[in-house]
Structures are given as C-alpha cells and as structure tokens.
Amino acid sequence: MSKTFALTLDLKDDPTLIAAYEAHHRNVPAAITKSLYDAGILFLDIYRWNNRLFMTMVTDDNFSFEKKKEMDESNPEVQSWENLMWTFQQALPGTKDGEKWQLMSQIFEM
C-alpha cells in the first residue's frame with residue numbers, strides 16, 4: 001500500500017527567480033533525492049502555474065511528516081538545499097512564519 005499527498009507553495013513572482021528555481025530542479029543533488037527515498041517517499045513531482053507550485057508525493061505506509069522533518073533537520077545537505085530554495089519561495093497567505101509547503105485536502109476522486 002501507499003499514501004498520496006498533495007501540497008502547494010508559491011514562488012516569488014519574479015521571472016528570473018522562477019527560472020533559477022526550475023534550473024535547480026533540473027539537477028537536484030543526489031543527497032536530496034536520497035533523503036526523500038530514505039524518508040519513504042516513492043514518487044514526487046512538482047508542477048508550476050505562474051508562481052504557484054503544486055506537488056504530489058506517493059509514500060510508503062510508514063511515511064510521516066514528523067519523521068521526515070526530524071531527518072531533514074539533522075541533515076546538513078538538506079538544510080542547505082532548503083535554505084537555497086527559500087530564496088525563491090514565499091509563504092502562502094495565512095501561513096505561520098517559516099511555513100513552506102502546505103498540505104492540501106482531497107475534495108474529489110474518480
């Protein structure tokens with residue numbers, strides 16, 4: 001079995017920054033993809049419309065956001081990547097300071 005999650009986040013509305021963000025995602029460091037697999041993420045993709053991002057994640061049954069957060073906080077390569085990505089990203093309206101990707105609720109399935 002697996003679990004599927006959908007998350008959203010905005011980029012800063014600047015074409016140069018958006019292009020740089022996409023360029024970084026064409027060459028994600030191996031340490032970052034390894035950290036995703038190690039956390040139980042089996043598949044992950046990100047889509048963009050203007051400056052809005054949409055991410056889907058398929059995980060194994062043991063995945064938890066809390067466990068991933070703990071793993072990320074103790075991984076200097078992930079921290080470096082997250083700090084770099086935050087230069088391109090901006091919080092969604094209504095989020096707390098420092099909150100990034102927001103979990104979306106599924107409202108329909110066919």
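Helices H2 and H4 are roughly perpendicular to each other (angles of 65 to 115 degrees; under 35 is roughly parallel, over 145 roughly antiparallel, and the rest oblique). They pack at an angle of about 110°, with their axes 9 Å apart. Axes are lines fitted to C-alpha atoms, for helices over the stretch in contact, and angles run from 0 to 180 degrees between N-to-C directions. Ala-31, Ile-32 and Ser-35 of H2 meet Glu-77, Val-78 and Trp-81 of H4; contact denotes heavy atoms within 4.5 Å. By class, this contact has four nonpolar, one polar and one charged residues. Here Ala, Val, Leu, Ile, Met, Phe, Trp, Tyr, Cys and Pro count as nonpolar, Asp, Glu, Lys and Arg as charged, and the others, Gly among them, as polar.

The model is predicted: local features need pLDDT of at least 70, side-chain atom pairs count only at pLDDT 80 or more, and totals for chains, interfaces and linings use all residues. Residues are numbered from 1 along each chain as its sequence is written, and side-chain values use heavy atoms, with hydrogens and water left out.

Ser-35 lies in helix H2 (residues 30-38). Helices (H or I, at least four residues) and strands (E, at least two) are DSSP runs, numbered from the N terminus. Ser-35 is buried, at a relative accessible area of 9%. Buried is under 20% relative accessible area, exposed over 50%, and partly exposed in between (1.4 Å probe, protein chains only). Beyond its neighbours within four places in sequence, Ser-35 contacts Asn-75 and Val-78.

In H4, Val-78, Trp-81 and Met-85 are buried. Viewed down the helix axis, they fall within an arc of 65°, so they line one face of H4. The arc is that of the directions from the helix axis to the C-beta atoms. These buried residues pack against H1, H2, helix H3 (65-73) and strand S4 (89-90). Exposed Pro-76 and Asn-83 sit on the face turned away from the buried side.

The largest nonpolar core has nine residues: Leu-11, Ile-18, Tyr-21, Ile-32, Leu-53, Val-78, Trp-81, Met-85 and Phe-88. Such a core is a set of buried Ala, Val, Leu, Ile, Met, Phe, Trp, Tyr and Cys residues joined through side-chain atoms within 4.5 Å. Helix H1 (15-25) and helix H4 (76-86) each give two or more residues. H4 gives the most, with three.

Asn-50 falls in the loop between strand S2 (41-49) and strand S3 (52-60). Its phi is positive, about 50°, although Asn-50 is not a glycine. Asn-50 is partly exposed, with a relative accessible area of 44%.
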